[in-house]
Structures are given as structure tokens and as C-alpha cells.
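Welcome! Take a look at the sequence and structure first, then read on.

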Amino acid sequence: MVGIVIVSHSKQLAAGVRELAAQMVSGDVALAVAAGIDDPDNPLGTDAMQVYQAIESVYSDDGVVVLMDLGSALLSAEMALEFLTEEQCEKIYLCEAPLVEGAIAATISAAQLNSIEQVLAEARGALTAKAAQLGIDVISDTLISPQNPPLVNDREAKEHSRTDNPYTLQIQLTVANRLGLHARPAARFVTTAAKFQAQIRVRNVTRNTDFVQANSINQVATLGVRQGHEIAIAATGIDAEAALAALQELVTNNFGEDDSDLIPTVIDSSETVEGELLGIPASSGVAIAPIFQYRPTTVQVEEYIVEDTANEWQRIQTAIQTATQDLQSLQSANQLGDKAEIFSAHLLVLQDPALLEPVHQRIFSHHQNAEFAWKSTIDELAHNFDTLEDAYLQERANDITDVGQRVLRSLRGITTPTIELTQPSIVVATDLSPSDTAQLDTTKVLGICTTRGSATSHTAILARSLGIPAVVGVPAAILHLANGTLLAIDGASGKVWLEPDTDTIARLQARRNAGLQARQHAQVTAHQPAITRDRKRVTIAANIGSVAEAKIAIKNGADGVGLLRTEFLYLNRTTAPTEEEQFAVYQAIAEVLDRRALIVRTLDIGGDKPLDYLGLRAESNPFLGKRGIRFCLEHQDIFKTQLRAILRASHGHQIKIMFPMVATVQEVQAAKAILAQVQTQLRQANIPFDESMQVGIMVETPSAVAIADQLATEIDFFSIGTNDLSQYVMAADRTNSQVAMLADALHPAILRSIEQTVQAAHSSGIWVGLCGELAADTLATPILVGLGLDELSLNSQAIPMVKRAVSELSTVEAEAIAQRALKLDSANRVRELVSSFYTNEEVERKTQR
Ligand code: PEP
Ligand code: MG
């Protein structure tokens, strides 16, 4: 059997390619990997000795195909040949095919015990199949060369293009599986065909293609067989009948694929609950209108080498300038009001030296063209955000990509696409960028429905500011509905109705009116303090991450900031932010707040966050690793810089400091000791700061809850982080969708932890807030007020409704609800309990975000 070696700079990439390739075949294949280097600080690279050992491990007289990613991978592979004997070398082929496609095609071919020439031809032809699927004609100028003949022999293809050979048997079948003849199904088809001696060919009848060889993965893939297409299979030879029977069985058994977890392409409303789909509520309100399917296009780029690097750099500068002007005019667009501030963040991305520096380096050191240099840098950055555990930070990836595309369009001279609607509609898309959303014509876009996104994405925030009801994370089936299909969405509950009947429409319209009234009412009173009917005041503060968000918070009536996530300052750069940079941001936020309190949380970063410059090592359980205060106590230089910046900004402002992820009294004492050292240095240098600045901690570990009485004697306040506390109490990773349901902050186990913390705080005479997502859930408000929390800190958009919810309560009622909730045995029972105190309309209203 021909052996295959995958050479890559990245161990993970190579392992992924190997896994993907191995999945395509049922039996064993001689597949080896040579990837990464043995340097924990800099693991990306290739090593000739590793390549040699990989070749040795799969070597046989049948030969070895070596597939490489790029750059030094090629050099290492060439060097590896020097360790082999001359005779061995003749059987090793360094193959220019693209790594992923080439490895898969070669593996499938090798598994059929094909010759090295056939395996090579399949690998080299792998791009043809991909191009054909995308409708791109690349065969003419790139893939065909004297050394690399076309895969389909023209004459042979024409001869066999229709089968009229009397010894040929033929069947016609419908492909029913969701993915059609692609990837694994195609691989199974090819490997089944290859088991027979008969010559087997296949064609796509629906697309009226010619016949191609059924034992070539590339040729089969070029047929573009999709779900519902008819295919004809022709077999000539002694076992033709058996071959056709086997292929028929494979096709009728969906190629062994279980499609049950996939959404059907065509939605039969009888299959969903009363024609309903469920997504994530993103912007409250009801919309009923025909669908408009929006398919945003992204600018694709190719890499090429440039000589005139200065000119290329100039092109980038000009494109950034144009994008900046576009963003500035978007910002000043009236319809977005204060939410146009979101584009300030986009402008900051464009000015960020940490983004421009790698682009500069790619152009000047690697001679990459402007488009490629820009896109690669943007992709890396977006990926960094995407891999963070925090859903809010993950969503920033969407912003980065959006800015990136804006600059690419400007480089290419393409105008920004707009959504042109001929009638009032609900826009359905996989995702909408903040720019797409900002440009929506609110007179025609009545609702938004996307299959991706979360309630914390800027798209969702903008939809809320534009007053457009939105549901995100809707099952992908929605994308297959025809334009014009009537849809109803409820952005408060996340429900979507396909072709709703007249009763449903009437019910939804009534709810729409009630919701509108409630929001208008809440908005009017948003700037008043949240005081219960029996005169207890609860501070309603905002969770923010930037100056722009501080402004939004104030506009929404925030009494202050209960949580400033400072991680933003540290992400998306190559060195830690300086004291001056941090000072400027903290001071700017404090000034926006104008004497209102600002709680600055010190860096909550850990082994799971990819900050290369901090020298973080990957950890097998990052949530249980060096996070938050644990990290800062080990990296005192970084910690002290941040503390100095916060202290300096505290002068003349109401800043409080908060340490995250505390588990022990000793951690708090150590952090306070470092804070005291920094304060002494500032005093000695005559640098003013607020001497009476409060110091608090987040209570987000079960340990902190258990020893809350001890911790309370050390500090001035607690803020309960229910996002983390829920996952630690329930032992359910909040990012693992299989168990995330368990980490429900309304579970009595969490409520009891909150109660215990509040009691410990109040017994020690300190105040206690709550800044997890639970604070924004108005269904939870009676319980949180009833448990005695002094402050709730939440996303700015929810502030008016939470303030209103507080003002509707009396503490006596709230305490009674809270005490009953503590005795229940599940989060759902707690929801039922709270709901039972309200009418259906009120519950609908309270489930809004
Ligand atoms: C929390 O854990 O509840 C919290 C507010 O912090 P974060 O979500 O940033 O971890
Ligand atoms: Mg937390």
C-alpha cells in the first residue's frame, strides 16, 4: 500500500488532517504525521528528522506520497530525503497538492491499493473537485501541465459519456442524504466501487453531466451531486451486477450517514411543534412578515508575491482611510443613536498598531500582497477572539471580521452591499455583520432571524437599538424556506412560527402591543433609581468593556458600572498594555460616569486565553487553572502595572477595585499586600490616588461561598459572578453545550450559594452585588431582591426593564418568593414559581433580555 506522510508546522493541524482523512476510509491506511517542533514556547515549525522518521514508518516498495503545508515544511521534507538511501528516494514523491484536499484524496486512493501514480494523480486533482463544486474553472491554467496531465482523458470520457455498451448494466437512483455525494459519502461511494473488478462509472442525471470514473474521489466530487439529485451508475464486467447491488444499497442507506441530527432541507411544519422553531432571544418584540433570504458575500483573496512593497503598504493605508471615513459617516447616522458608538470600536481596530504591525511585516518581510496580508492578520485576530471562553468576547470576532471585510472591499473598490427590500420583510441570514445591521432600512426590515450569533453580539445590540425584533441561533432549516414565506418571530422568547395561522397572528399582535407599551414605560423611568414599593433601593449598574459601552450604559440609566472587564485591554496585541494606556482608558470611563461608581475588575485571564506575550501555557482544565487572581499573583509585574493605573485613575473619581476568581483568604491578603506596596510607591512619588478606595472580590468559586464569612472581614464588598459560580457549583463547563444546561443560575443550588454569600456579607457589614447574566433576567429579579442583594450589574440594554421590575416589587413579597424558591428542586420549578405570580403577558415581558 502506498504510504502517506503529512508534514505541517502545526501538530493540531496535522492531527486534524489525519483524522479527517482516516474517517474517509474504513480500513487501515499507512498514514504518518511529522508536525510541529519540540519547543514548548514556540511549537510551530517542521523538523527534517521527524519527516524522515514518518517516511520510514510508512515506507514500502509501493512508495510514499509526502504532502506538506508551506514554507519550511518543503525544505524539511527535501532534507529528509537526504537521510534515505538512493533506492528509497526514488519511491518518495513530494507532492505539490494542497494539504487537506490532497491528503484526503490520496488516502482514499491509497486505501484502494492503487499505484503511486494513481494516488498522486488523485492528490493533485483534489483542487479540481473543490473548484468544480464552487463553480470555478481552474483546470485550464493551473492544474494541467505536461507533468500533471488531466485526470479525465478527453477521448475516453467522450466514448463513455453515454453508455450504449450491451454488456453494461445501469441503474438510476435518487440521492437522499443531506450532504449529497460529498466528503464522506463520496469517499464511501468510491471505496465501495473500488472493491469490484467491473469498470464502474457514474453521472449526475439531474445536472446532465458526462460519466466519470466511480473509483476517483475527485471525479465523483466534480459531479456536484446534491440531495435530491438523480444519479446513473453504469457497470461493465463480470461482477457488474454485484457492484450495482452494493452501490444501490449504499445509496439507499444514506451512505451509512445518520442524518437524524440534521435539520431537513425542506421544513414540513407538521414535523416541528405546531410549526415552531426555537432560537435565542436577541431583541425583543414581535414581527410578522414575509421572509427575505439575505446571503452576504465575503471578499475572497488570493496570495501572490509583490515586489513593490511600498506601493502595497500605501494601498492598505488608503483602504483603511476610506474604511475610516465610511465608519465615521455610519457613526453619525441618526437612526443608530448612541449605539453608533459600536463603530467607535471598529475605528479603534483600524488604528490599532497591534493589527497594523503584522500586516506591515507580512508585506515588507514576506512580500505578500496587501489583500492577503490584511486578511490573514484579521483572520488570526478574529480566531483569537473566537476561541475565548467568554461568549461576549467571542462575539467580538464578528466585529473584527466585519472591519476586515470593510477594508478588503475598499482595497478591491467594491461598494458595501446593502439589503434592498421591495416590501416589509423579516430578514433571514446565517449571520449579519454589525455593518449590515446598521444599514437596515427600519421601515422595511420588520425582524431579523439568523442561524448564528448570540444575545451579546453587536448585531443583537444594534437590532435592539434599532428596535428591530431579532431571534438568533435559529435552526438552519430556516435558510431553506422560500422568499416570501410568511414568518412570525418573537424576539423575547426566541420563538419562530412558520406560516402562522390567523389565531397565532392575532395572539402575537396583542403581545406585540403589550410589549411595546412596557418598553416605552420602562424607558421613561430608566433614569430614576430602582426603588421597591416599600422604599428599598437596589443599585442597578452596568457590565461594560470599553469607553463606548460606558456611554451606552449611562444613556440606559445605569447608576454606575458594577463590572468593567479589563481583559479587552490585553487582548488583540503583542505586548501587555502600558500603565499610561490603561490609565487613559480607566480615566476616560470614570469621566463618562461623572462621579458614579466604577468597579474595575483586575485582569481575569488564564491558561485558556491565547495571550502569547504573557507566556501562558495551555492547560488541560483551563477553567480550573491559573485564572484571574491566581495568574496576577504569579505575574506581579503585570498586576502592579494595572494596579498603578487603576489607583492613578481613582483620583477625583469613584473607582473601586475588584479581584476575580478568589478561592482563599490568602489570595486576598496577598493581593491586598501588593496593592499596599503600589499605594506606598505612589505616595512616595507624590502621585495622588483615592486613599479610601474600596476593595472587593468576585464570589464565583464554591470555596469563596463556603468561606464568605472569613473573606468578608478582608474586604469592602462582594460581587457574585453567577456565570462562573454556576459552572463550578454544578460541575458543568459553561462552554460545553452538552452540560451547559446544568449550569443554570436559577438552580436552587446557586440560589442557596447566593443566599449564603449575602448573609455572610451583611453579617460583616459589607455590601454585596451580583454581576453574572442572572442579573439581567427579570424573571429572577424578585428572587435577587428577596435574597437581599444591594446591587445588580448587567448589560446596559436590560437596565430599564430590570429597574422597572424592581420598582414593581415589595421586599416582603420578594423575600417570600425567594424563600420558596430556595426550597425547590430545579431551575424550572423556580421559573414556574416566579411565573405563577404574573399573568402570561407579564411572563412574556419578563423573559425579554
Ligand atoms: C461571572 O463569572 O459571573 C462574571 C460576571 O464574570 P465573567 O463572565 O467575566 O467570567
Ligand atoms: Mg467570572
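**Strands, and the helices to look for**

Strand β6 (residues 199-204) and strand β8 (residues 230-236) pair in the antiparallel sense, and six bridges link them. Please keep in mind that this is a predicted model. The points below start with the sheet and then turn to helices.

**The sheet**

- Four strands make up an open sheet, and their order is β5-β8-β6-β7. The pairing in this sheet is antiparallel.
- Which strands stand at the edges? They are β5 (168-174) and β7 (212-213), each with a single partner strand, so one side of each has no neighbour in the sheet.

**A helix across the sheet**

**A pair of helices**

- Helix α5 (residues 99-111) and helix α6 (residues 116-124) have axes that come within 7 Å and cross at roughly 150°. That angle is why α5 counts as roughly antiparallel to α6.
- The crossing of α5 and α6 is right-handed.
- On the α5 side, the contact is made by G102, A105, A106, S109 and A110. On the α6 side, Q118, V119, E122 and A123 take part.
- Sorted by class, the contact of α5 with α6 has five nonpolar, three polar and one charged residues.

Methods:
Residues are numbered from 1 along each chain as its sequence is written. Chains are lettered from A and ligands numbered from 1 in the order in which they are written. This is a predicted model: local features need pLDDT of at least 70, side-chain atom pairs count only at pLDDT 80 or more; totals for chains, interfaces and linings use all residues. Side-chain values use heavy atoms; hydrogens and water are left out. Axes are lines fitted to C-alpha atoms, for helices over the stretch in contact, and angles run from 0 to 180 degrees between N-to-C directions. Helices (H or I, at least four residues) and strands (E, at least two) are DSSP runs, numbered from the N terminus. Angles under 35 degrees count as roughly parallel, over 145 as roughly antiparallel, 65 to 115 as roughly perpendicular and the rest as oblique. A crossing is left-handed if the near helix is turned anticlockwise from the far one by less than a right angle, and right-handed if clockwise. Contact means heavy atoms within 4.5 Å. Ala, Val, Leu, Ile, Met, Phe, Trp, Tyr, Cys and Pro count as nonpolar, Asp, Glu, Lys and Arg as charged, and the others, Gly among them, as polar. Two strands pair if DSSP finds at least two bridges between them.
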